[in-house]
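Let's take a friendly walk through a protein fold. Have a look at the sequence and the structure first, and then read on.

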Amino acid sequence: MNISSFDDLRRAAQQQPEPQRLLFVFAGAVLPDDSTPEQRARFEAGQGGALTPLMSVDKAPEELGTFGALVEESRQFESDWAIVFVASLSGRDGRAPTSEEADQSLQRMIESIKAGSIGSFIPFDRQGQPMLIN
């Protein structure tokens with residue numbers, strides 16, 4: 001299935017043969033201390049920077065409303081995130097993943113994002129649009 005919106009993602013998770021947990025890692029862009037003047041200029045223009053995980057949460061697809069509701073929920077943490085990375089964790093034998101399994105997977109996601117290994121996640125911007133990150 002082609003994921004071209006947050007709703008597509010939610011529908012795809014609900015259609016899987018095993019129960020799913022959706023994993024969300026919200027990340028902000030920061031300017032590294034050793035950045036060049038060119039990198040600083042790009043960052044000030046709203047481009048570039050390094051992604052830093054700020055917070056994470058897991059949810060069952062049926063717990064999710066609109067993307068706007070997820071954004072509103074994120075506001076209670078007063079974090080200025082730029083991108084949310086999403087992955088899905090599949091259950092087994094008709095059982096949804098446990099909180100412990102979700103926590104372990106979220107920690108692996110966070111470490112992957114810190115290492116710049118984001119290819120297995122779907123990134124969405126603050127408006128809920130899927131992004132391509134080079």
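Predicted model: local features only at pLDDT ≥ 70, side-chain atom pairs only at ≥ 80, totals over all residues.

Begin with the strands: 4 of them form an open sheet, with antiparallel pairing, in the order E2-E1-E3-E4. E2 and E4 each have a single partner strand and stand at the edges, so one side of each lacks a neighbour in the sheet. On average, neighbouring strands are turned by 30 degrees against each other, direction ignored. The antiparallel strands E1 and E2 are joined by 9 bridges; Leu23, for example, has Asp58 in E2 as its bridge partner.

**A helix with a buried face**

Now find helix H3, residues 67-75. Which of its residues are buried? They are Phe67, Leu70, Val71 and Ser74. Viewed down the axis of H3, these buried residues fall within an arc of 100 degrees, so they line one face of the helix. The table lists the elements they pack against.

| Element | Residues |
|---|---|
| helix H1 | 6-14 |
| strand E1 | 20-30 |
| strand E2 | 50-59 |
| strand E3 | 83-90 |
| strand E4 | 122-124 |

In soluble globular proteins, nonpolar side chains tend to be buried together. Here, the largest nonpolar core has 15 residues, and Phe6, Phe24 and Phe67 have the most contacts inside it. H1, E1, H3 and E3 are the elements that give two or more residues to this core. Apart from it lies another core, of 14 residues, including Leu23, Phe85, Met109 and Ile118.

Note on methods. Residues numbered from 1 in each chain as written. Heavy atoms only, no water. Buried < 20%, exposed > 50% of the residue type's maximum accessible area, 1.4 Å probe, protein only. Arc of directions from axis to C-beta. Contact = heavy atoms within 4.5 Å. Pairing = 2+ DSSP bridges. Axes fitted to C-alpha atoms, helices over the stretch in contact; angles between N-to-C directions. Core = buried A, V, L, I, M, F, W, Y, C linked by side-chain atoms within 4.5 Å.
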